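Welcome! Please take a moment to look over the sequence and the model below, and then read on for a short tour.

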Amino acid sequence: MEEILRQFPNLTENQRLQFEKLQFLYEDWNAKINVISRKDIDELYTRHVLHSLGIAKIIEFKSGSKIMDVGTGGGFPGIPLAILFPEVDFYLIDVIAKKIKVVNEVAKALELKNVKAEQMRAENVTSDFDFIVSRAVTNMPDFVTWVKGKVKKSSNHELQNGILYLKGGDLSEELKSFPKAKQYDLSDYFTDEFFETKKVVHLAL
């Protein structure tokens with residue numbers, strides 16, 4: 001939690017409280033519905049919350065933007081980003097109903113008015129978005145197939161509309177079909193060794 005306050009010093013009191021509540025909420029829900037591995041729950045703020053906020057080191061979403069989080073699991077990266085950007089609309093989807101139940105309960109407990117979560121496949125979504133975010137749910141070629149046609153044509157951010165993907169390791173093979181994809185090393189922003197090989201990949205669509 002200290003690292004989040006250090007990295008994002010301009011949080012409001014309400015945002016700080018929302019971030020602080022995450023540990024209790026996820027521990028409580030994880031005991032009923034296992035959405036985070038047992039070892040990761042102890043490292044919630046580093047491996048889930050701060051990792052999710054890595055996207056915010058690459059881009060500041062503008063007020064009124066629409067973001068879809070595909071394969072959100074327990075709500076990452078969507079929930080931390082929704083706390084950080086209260087004026088941005090987040091649509092969190094996953095195919096597993098019990099995970100979406102946790103997301104909805106956490107969003108309700110935090111009084112996040114900018115989050116909508118549904119059990120849904122990305123292919124079946126009919127809206128379009130400024131950006132589509134995700135944490136390594138599949139390889140990039142498959143992911144692009146899932147979300148093609150769901151990105152707004154007109155961009156109003158410095159980065160062109162498209163995918164912001166949290167991924168680790170050597171991605172050269174996976175991204176060779178996407179020469180315009182840009183990788184941002186999270187180790188440039190966060191010192192914890194967890195981030196040594198972690199990246200945000202931006203792919204304009």
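## Getting started

Helices (H or I, at least four residues) and strands (E, at least two) are DSSP runs, numbered from the N terminus. This is a predicted model, in which local features need pLDDT of at least 70 and side-chain atom pairs count only at pLDDT 80 or more, while totals for chains, interfaces and linings use all residues. Residues are numbered from 1 along each chain as its sequence is written, and side-chain values use heavy atoms, with hydrogens and water left out.

## The nonpolar cores

A nonpolar core is a set of buried Ala, Val, Leu, Ile, Met, Phe, Trp, Tyr and Cys residues joined through side-chain atoms within 4.5 Å. Buried means under 20% relative accessible area, exposed over 50%, and partly exposed in between, using a 1.4 Å probe and protein chains only. In soluble globular proteins, nonpolar side chains tend to be buried together.

Which members of the largest nonpolar core touch the most other members? They are Leu22, Tyr26, Phe61, Ile79 and Phe90, in a core of 54 residues. Several elements each supply at least two residues of this core, including helix H2 (13–32), helix H4 (44–58), helix H5 (78–84), strand E2 (89–94) and helix H6 (97–109). H4 gives the largest share of this core, eight residues. A second, separate core has 21 residues, among them Val70, Ile132, Val151 and Leu171.

Contact means heavy atoms within 4.5 Å. Leaving aside neighbours within four places in sequence, Phe90 is in contact with Phe61, Ile67, Gly78, Leu81, Ala82, Phe85, Asn114, Val115 and Lys116.

## Helix H2

How far apart are the end C-alpha atoms of H2? They are 29 Å apart, which agrees with the 28 Å that its 20 residues should span at 1.5 Å a residue; the expected span is 1.5 Å times one less than the number of residues. H2 also bends by about 30 degrees at Leu22, where the bend is the angle between axes fitted to the seven residues ending there and the seven starting there.

The buried residues of H2 are Gln15, Gln18, Phe19, Leu22, Gln23, Leu25, Tyr26, Trp29 and Asn30. An α-helix has 3.6 residues a turn, so residues three or four places apart point the same way. The buried residues of H2 pack against helix H1 (2–7), helix H3 (38–41), H4, H5 and H6.

Two strands pair if DSSP finds at least two bridges between them. With E1, E4 pairs in the parallel sense over three bridges, and Ile67 has Phe131 as its bridge partner in E4. With E5, E4 pairs in the parallel sense over five bridges; here Val133 stands opposite Leu164.

## Buried loop residues

Ser65 sits in the loop between H4 and strand E1 (66–70). Its relative accessibility is 2%, so Ser65 counts as buried. The side chain of Ser65 reaches the backbone oxygen of Lys62 at 2.6 Å. Beyond four places in sequence, Ser65 is in contact with Val88, Asp89, Asp130 and His157.

Leu159 is in the loop between helix H7 (140–147) and E5, and counts as buried at 15% relative accessibility. Not counting residues up to four places away in sequence, Leu159 touches Ile58, Ile59, Phe131, Leu164, Tyr184 and His202. Gly73, in the loop between E1 and H5, is buried with a relative accessible area of 13%. Its contacts beyond four places in sequence are Asp94, Lys99 and Val103.

Most residues other than glycine have a negative phi, and most peptide bonds are trans. Where does this model have a cis peptide bond? One joins Phe76 and Pro77, with omega about 10 degrees, and Pro77 lies in the loop between E1 and H5.

Glu111 is not a glycine, yet has a positive phi of about 55 degrees. Glu111 lies in the loop between H6 and E3 and counts as exposed at 59% relative accessibility. Ala136 has a positive phi too, near 45 degrees. Ala136 is placed in the loop between E4 and H7 and is partly exposed, with a relative accessible area of 42%.

Key
Polar contact = N/O pair within 3.5 Å; in protein donor to acceptor, adjacent residues only side chain to side chain.
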